[in-house]
Amino acid sequence: MNTFLRTFVYIFSIASPVLATEVKNDRPIIGVLSQETFIVASYFLNETYDSFIASSNVKFLESAGARVLPIWIGQDEGYYRRVVKYTNGLFFPGGGTYFNETGGYGEAANKLYQIALEYNTKGVYYPIWGTCLGMQVIIFAALKGKRDIRVGCYLVKEAKSLDFTEDYKNSRLYGDASSEVISILEKENCTYNLHRFCLTKQVLKDNNMLDFWKISSTNKDVNGFEFISSMEHKDYPIYGVQFHPEKNSFEFKKDSGFPHSFNSIKVAQYFANFFVNECKKNVNSFSNDALEAKELIFNFNPKYTGINDTYYEQLYVFLKKDFEKHQLL
C-alpha cells in the first residue's frame with residue numbers, strides 16, 4: 001500500500017471506526033476474562049480457586065493465530081487500563097455467573113468495556129467478542145452496568161442452524177463469509193447452545209439500544225421463544241454470539257450434544273479466524289518482550305476435568321496470589 005493510500009486509510013478510520021482497516025499485526029494478543037468458580041467449584045473437591053478460564057476458549061483463539069492474556073477479576077481500573085493498553089482485543093467467554101457480584105465477572109467486563117469504548121471512540125480499532133454469557137455481559141456493560149436486561153429462555157445441549165435476519169449480509173460478522181459457510185450456518189445444526197438466559201430484540205428496543213446494535217441472526221428456544229443469536233455494534237468492532245463456537249472443536253463430553261461434524265468444525269474456525277483477524281488490525285503492544293512473556297497464558301497449565309461431570313475438558317484455574325505475580329507492571 002503506497003504512502004498516500006495509507007494516510008487516507010488512517011484519516012478515514014478516525015472518522016469511521018468500523019472501516020475494515022489494514023491488517024498490521026500478525027502476533028495479536030487477546031485478553032480473555034476469567035470468572036468466578038461457582039459453576040466449576042464441585043470439580044475440584046478440596047481444592048479452592050478464585051477464578052477460571054475454560055481451555056477451549058484459549059484453544060479457539062490460538063487456533064486462529066492469537067496468543068492469550070488471562071484477565072483477573074476483582075482488580076482496580078488501573079489494572080484493566082493496562083490490559084487494554086497491552087492487548088489487541090478482548091474476549092468475554094460463556095459460563096455461569098452473575099453480573100452483580102462485587103469484584104466479579106460483570107464488574108470487570110464493565111470496566112474493560114468502557115476503556116475499550118474510549119479507544120474506539122478515539123479512532124483506535126479495538127475489538128471485543130462475547131460468547132453466550134459474554135454477549136449478555138456486553139449489553140450489561142453497554143448500559144454501564146446499571147441494568148441486567150436479560151430474560152429467561154431455555155436451550156440446553158442443543159445445536160441449531162441460524163435464522164439470519166434480512167440484512168445479515170450487511171453485517172461485518174457475516175458480510176464477507178463464503179457462500180459455503182453461510183449455507184452451513186443456515187441449513188445445518190452446527191451452533192451449540194447451552195443457556196438459560198438470553199437477549200431479545202424487544203428488550204433492546206425497550207432500552208433504546210436498537211440504534212446502536214445490529215441483530216444479524218436469531219433462534220428459538222425449546223418453547224418457541226425467539227432470542228438473539230448473533231449481533232454487533234453498528235459503529236465499533238464489538239461482536240456477540242449466544243452460541244458456543246469453541247465447543248465444536250475442543251469439548252468432547254459424551255451426551256452433551258456437541259456438534260463435531262466436518263462442517264461444524266469449519267464454521268467454528270470461521271468465527272475464530274474472523275475475530276482474530278479483527279484483532280490483527282490493532283497494534284497495541286507490551287512495553288518489552290520480557291513483560292509480555294511473563295504475562296501470557298503459557299505460564300499456566302490447565303487441569304484435566306473431562307473425567308468429571310463437566311462440560312469442560314480442561315480448565316485454567318487461578319488463585320488471588322497469581323495476580324500478585326501478574327499485575328502487568
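**Figure 1. Surroundings of Phe92 in the predicted model**. Leaving aside residues up to four places away in sequence, Phe92 touches Leu33, Tyr105, Ala109, Leu112, Ile128, Trp129, Gly130, Thr131, Gly134, Val137 and Ile138. Phe92 also belongs to the largest nonpolar core, which comprises 85 residues. Within this core, Phe92, Leu61 and Tyr174 are the residues that touch the most other members. Helix H10 gives the most to the core, with 8 residues. In soluble globular proteins, nonpolar side chains tend to be buried together.

**Figure 2. Packing of helix H7 against helix H10**. Helix H7 spans residues 179-187 and helix H10 spans residues 262-279. The two helices pack at an angle of about 115 degrees, and their axes are 10 Å apart. The crossing of H7 past H10 is left-handed. On the H7 side, the contact is formed by Glu180, Val181, Ile184 and Leu185, which meet Asn263, Lys266, Val267, Tyr270 and Phe271 of H10. By class, the residues of this contact are 6 nonpolar, 1 polar and 2 charged.

**Figure 3. Strand S13 and its pairing partners S2 and S12**. Of the 5 residues of S13 (residues 314-318), 4 are buried, and the strand is thus mostly covered. Strand S2 (residues 51-54) pairs with S13 in the antiparallel sense over 4 bridges; here Ser51 has Phe318 as its bridge partner. Strand S12 (residues 303-304) is likewise antiparallel to S13, with 2 bridges, and Tyr304 has Gln314 as its bridge partner.

Conventions
Residues are numbered from 1 along each chain as its sequence is written. This is a predicted model: local features need pLDDT of at least 70, side-chain atom pairs count only at pLDDT 80 or more; totals for chains, interfaces and linings use all residues. Side-chain values use heavy atoms; hydrogens and water are left out. Axes are lines fitted to C-alpha atoms, for helices over the stretch in contact, and angles run from 0 to 180 degrees between N-to-C directions. A crossing is left-handed if the near helix is turned anticlockwise from the far one by less than a right angle, and right-handed if clockwise. Contact means heavy atoms within 4.5 Å. Ala, Val, Leu, Ile, Met, Phe, Trp, Tyr, Cys and Pro count as nonpolar, Asp, Glu, Lys and Arg as charged, and the others, Gly among them, as polar. A nonpolar core is a set of buried Ala, Val, Leu, Ile, Met, Phe, Trp, Tyr and Cys residues joined through side-chain atoms within 4.5 Å. Buried means under 20% relative accessible area, exposed over 50%, partly exposed in between (1.4 Å probe, protein chains only). Two strands pair if DSSP finds at least two bridges between them.
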